[in-house]
Amino acid sequence: MSLEITKIRMTKGNWGKIRAFVTFTINNALTVEGAKIIEGNSGLFIGMPSVEKKGNFKDVCYPATKEARDIISEALLNAYDDNNQKTTQSTNNKQDDLFD
């Protein structure tokens, strides 16, 4: 499978355990809006877009394979880490287009 994250837009902040909201594009063909970078007990992880129904959250889109999940997670977490290193003087709640 050829899966490439071709664009990432990130809004960083501190909303409880959420560290950033992310919009990303796959293969210049599909844009996913509403992903989150979340601080968990074992470190950061990606939360896919979800809706709340009767007190439970359900993902509205998600990777169909482990390989796809790994590619997406690696790209988004690397972009988050790279952006944090480059913008240590910037303020929170800043939206960054990381690459095109």
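Let's start with Arg19, which is buried, with a relative accessible area of 18%. Buried here means under 20% relative accessible area, exposed means over 50%, and partly exposed is in between, using a 1.4 Å probe and protein chains only. Before going on, a word on the model: it is predicted, so local features need pLDDT of at least 70, side-chain atom pairs count only at pLDDT 80 or more, and totals for chains, interfaces and linings use all residues. Residues are numbered from 1 along each chain as its sequence is written, and side-chain values use heavy atoms, with hydrogens and water left out.

Back to Arg19, then. Which residue does Arg19 meet in a salt bridge? The partner is Glu39, at 3.4 Å from N to O. By salt bridge I mean a side-chain nitrogen of Lys or Arg within 4 Å of a carboxyl oxygen of Asp or Glu. Arg19 sits in strand β2 and Glu39 in strand β3, so this pair ties together parts that are 20 residues apart in sequence. Glu39 counts as partly exposed, at 33% relative accessibility.

The rule gives a count of two salt bridges, and the other one joins the side chains of Lys66 and Asp70, at 2.8 Å, N to O. Both of these residues lie in helix α1, four residues apart, which is about one turn of the helix. Lys66 is exposed, at 63%, while Asp70 is partly exposed, at 38%.

Now let's zoom out. The protein has one helix and seven strands, and from the N terminus on they run β-β-β-β-β-β-α-β. These elements are DSSP runs numbered from the N terminus: helices are H or I with at least four residues, strands are E with at least two.

What about the inside? Buried residues make up 35% of the 100 residues. The largest nonpolar core has 19 residues, and Ile8, Met10, Val22, Phe24 and Ile37 touch the most other members. Such a core is a set of buried Ala, Val, Leu, Ile, Met, Phe, Trp, Tyr and Cys residues joined through side-chain atoms within 4.5 Å. Strands β1, β2 and β3 and helix α1 each supply at least two residues of this core, and the largest share, six residues, comes from α1.

Finally, have a look at Phe57, in strand β6. Is Phe57 buried or exposed? At 61% relative accessibility, Phe57 counts as exposed. Leaving aside residues up to four places away in sequence, Phe57 touches Ser50, Val51 and Glu52, where contact means heavy atoms within 4.5 Å.
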